[in-house]
Amino acid sequence: MKIIVTGGYGFIGSALIRYLLADKQGGFEVLNIDKLTYAGHQESVPGANLSKQYQFRQIDICDFDEVRQAMRDFKPDAIMHLAAESHVDRSIDGPSAFLQTNVVGTYSLLQAATEYFRDLEESRKKSFRFLHVSTDEVFGALADAGEFSETTPYRPTSPYSASKAASDHFVQAWHHTYGLPTLATNCGNNYGPFQYLEKLIPLAIMKGLRREPIPVYGTGTNIRDWIYVDDHVRALMLVLNKGKVGETYNIGTRGEQRNIDVIGQVCSILDELRPEAGAHKDLISFVTDRPGHDFRYAINPNKIYNELGFRPKESFESGIRKTVTWYFEQQNQWCQAVLDRAAKLNESASPMSRRGAA
């Protein structure tokens with residue numbers, strides 16, 4: 001099976017490619033299309049360039065001609081679209097990049113994929129799939145009760161979530177209008193190894209390891225639904241292989257956690273790894289909340305559980321321990337390489353200078 005992965009040097013995309021290349025049957029060929037923005041790191045797919053099953057093209061997905069040529073050359077059986085600007089804080093500071101990548105870029109991919117699909121032989125048309133990977137943030141905020149389902153109305157509240165909501169609607173429109181065999185997923189907060197350091201969990205880990213204040217927005221009571229990245233990847237493959245064309249699947253684990261409790265678990269594990277450093281919870285620093293900060297997200301995963309048989313392998317407790325341990329072991333390798341690249345790019349807001357995250 002030949003798969004194009006967009007955003008394959010990002011966090012979830014790189015986890016997906018590592019999964020595909022690790023297949024013991026060697027059943028996948030992968031073309032990674034990535035612009036290599038500040039959040040894309042080739043170190044996140046170690047050894048990939050040595051694999052005969054792997055190709056990479058540095059392409060901006062907004063470049064229709066380049067995307068179309070890549071599809072013609074590689075001749076994919078499926079496209080898994082993960083390329084996106086994804087950090088809410090950055091979308092508040094600079095929404096233009098989110099409009100371009102998440103909306104215009106998705107449109108460009110859909111146009112190229114539709115043209116490619118129409119030229120396929122009938123036998124290949126039946127199996128071709130375009131999988132669009134999105135977020136639960138498109139549904140807006142929840143109060144203390146309730147869950148997002150696949151029929152929850154969209155109420156995006158940030159430039160990031162608005163851009164992803166738009167891209168979701170374009171995908172549905174291209175299926176219904178042009179017959180492109182699409183699938184879509186909406187997932188909660190991912191965590192795990194190789195996540196860019198501006199996000200809540202890796203930021204807290206690295207701040208703790210450096211004995212710097214760990215920023216937490218507001219009172220830390222905002223709630224998110226967490227999933228270990230490798231579980232998300234397995235869910236994506238289930239949707240790709242078994243999902244019904246035109247359908248959307250919410251991916252979740254019923255893993256709700258308050259931000260302050262997430263940070264508390266990170267600090268407790270750091271205490272075990274570095275007992276000589278003192279109590280890491282003493283580093284927690286509450287900062288002014290960000291504008292429009294949604295209170296709670298929670299996913300109802302019944303559809304993907306019942307129809308496709310998905311079950312997560314990691315609990316939050318097991319996943320967070322694996323994650324903190326990985327960053328602890330990689331602080332002078334992958335983490336330092338990421339920080340060095342950010343410095344070279346002259347990032348106006350490097351990951352370690354982020355005011356907060358959620």
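Helix 11 (residues 316–330) packs against helix 12 (residues 334–344) at an angle of about 70°, and their axes are 6 Å apart. Because angles of 65 to 115 degrees count as roughly perpendicular, helix 11 is roughly perpendicular to helix 12. Helix 11 contributes W326, Y327 and Q330 to the contact, and helix 12 contributes W334, C335 and Q336; contact means heavy atoms within 4.5 Å.

The model is predicted: local features need pLDDT of at least 70, side-chain atom pairs count only at pLDDT 80 or more, and totals for chains, interfaces and linings use all residues. Residues are numbered from 1 along each chain as its sequence is written, and side-chain values use heavy atoms, with hydrogens and water left out.

Helices (H or I, at least four residues) and strands (E, at least two) are DSSP runs, numbered from the N terminus. Axes are lines fitted to C-alpha atoms, for helices over the stretch in contact, and angles run from 0 to 180 degrees between N-to-C directions.

Seven strands form an open sheet in the order 3-2-1-4-5-6-10, with parallel pairing; two strands pair if DSSP finds at least two bridges between them. Strand 3 (54–58) and strand 10 (248–251) are the edge strands, each pairing on one side only. From one strand to the next, the twist averages 20°. Strand 6 (residues 182–187) is joined to strand 10 by four bridges, and T185 has Y249 in strand 10 as its bridge partner.

| Helix | Strands touched or crossed | Direction |
|---|---|---|
| Helix 2 (residues 64–74) | strand 1 (2–6), strand 2 (29–34), strand 3, strand 4 (78–81) | about 170° with strand 2 |

Note on methods:
Parallel < 35°, antiparallel > 145°, perpendicular 65-115°, else oblique.
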